[in-house]
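Work through the following exercises with the sequence and the model at hand. Each task is followed by a solution in steps.

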Amino acid sequence: MVRGYIYLVCSIVLEVTGTAFLKMSDGFTNPIPSLLLVVFYGLSFVIFIFALRTISLSIGYSIWAGLGTAGTALVGIFAFKETLSIPNFIGLFVIIVGIIVMNTSKKAEEKTETTVTSS
C-alpha cells in the first residue's frame, strides 16, 4: 500500500512538471518544452498505473487530480510569477480538504469491512 502512494506522489510530480512544460511550449511552438511535456505526461500516466495496483481508482485519481491542481498553482506562482486571488486560494483549500475527507472516509470504510468480515 505504501508503495502505491510513493508511485502516486511520483506521478503527481511528473504531471505537474509536464504542465509547467505545457506553459513553456507556448502552444507547441517551442520544440524542446513540447517534447518534454509529452515525456513527463507519459511517464506520469505510466507510474500512475503502478499506483493503481494498490490504490482504488476513486481515491488515486482524486488525489492525483487535486494535488496536481494545487501543485500546478504553486508552480504558476513561483515559476511563472502568476497571482491567485483569495477565491482561488479558498478553492485550492477546499480541494485539499476534499482529498483528506475522501481518504479518511475510505479508511473508515475499510476498517468497518475488515471488522465485519472477521466477526
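Angles under 35 degrees count as roughly parallel, over 145 as roughly antiparallel, 65 to 115 as roughly perpendicular, and the rest as oblique. The model is predicted, so local features need pLDDT of at least 70 and side-chain atom pairs count only at pLDDT 80 or more, while totals for chains, interfaces and linings use all residues. Residues are numbered from 1 along each chain as its sequence is written, and side-chain values use heavy atoms, without hydrogens and water.

**Exercise 1.** Determine how helices α1 and α2 are oriented to each other.

Step 1. Helices are DSSP runs (H or I, at least four residues), numbered from the N terminus. α1 covers residues 2–24 and α2 residues 31–51.

Step 2. Axes are lines fitted to C-alpha atoms over the stretch in contact, and angles run from 0 to 180 degrees between N-to-C directions. The two axes come within 8 Å and cross at roughly 160°.

Step 3. α1 and α2 are therefore roughly antiparallel.

Step 4. The residues of this contact divide into 17 nonpolar (Ala, Val, Leu, Ile, Met, Phe, Trp, Tyr, Cys and Pro), one charged (Asp, Glu, Lys and Arg) and six polar (the others, Gly among them).

**Exercise 2.** Describe the backbone and the exposure of D26.

Step 1. D26 lies in the loop between α1 and α2.

Step 2. Its phi is near 50°, a positive value in a residue other than glycine.

Step 3. D26 has a relative accessible area of 53% and is exposed (over 50%; buried is under 20%, partly exposed in between; 1.4 Å probe, protein chains only).

**Exercise 3.** Do the corresponding work for K81.

Step 1. K81 is found in the loop between α3 (57–79) and α4 (86–118).

Step 2. Phi of K81 is near 55°, a positive value in a residue other than glycine.

Step 3. With a relative accessible area of 69%, K81 is exposed.

Key
Helix = DSSP H or I, 4+ residues; strand = E, 2+ residues; numbered from the N terminus.
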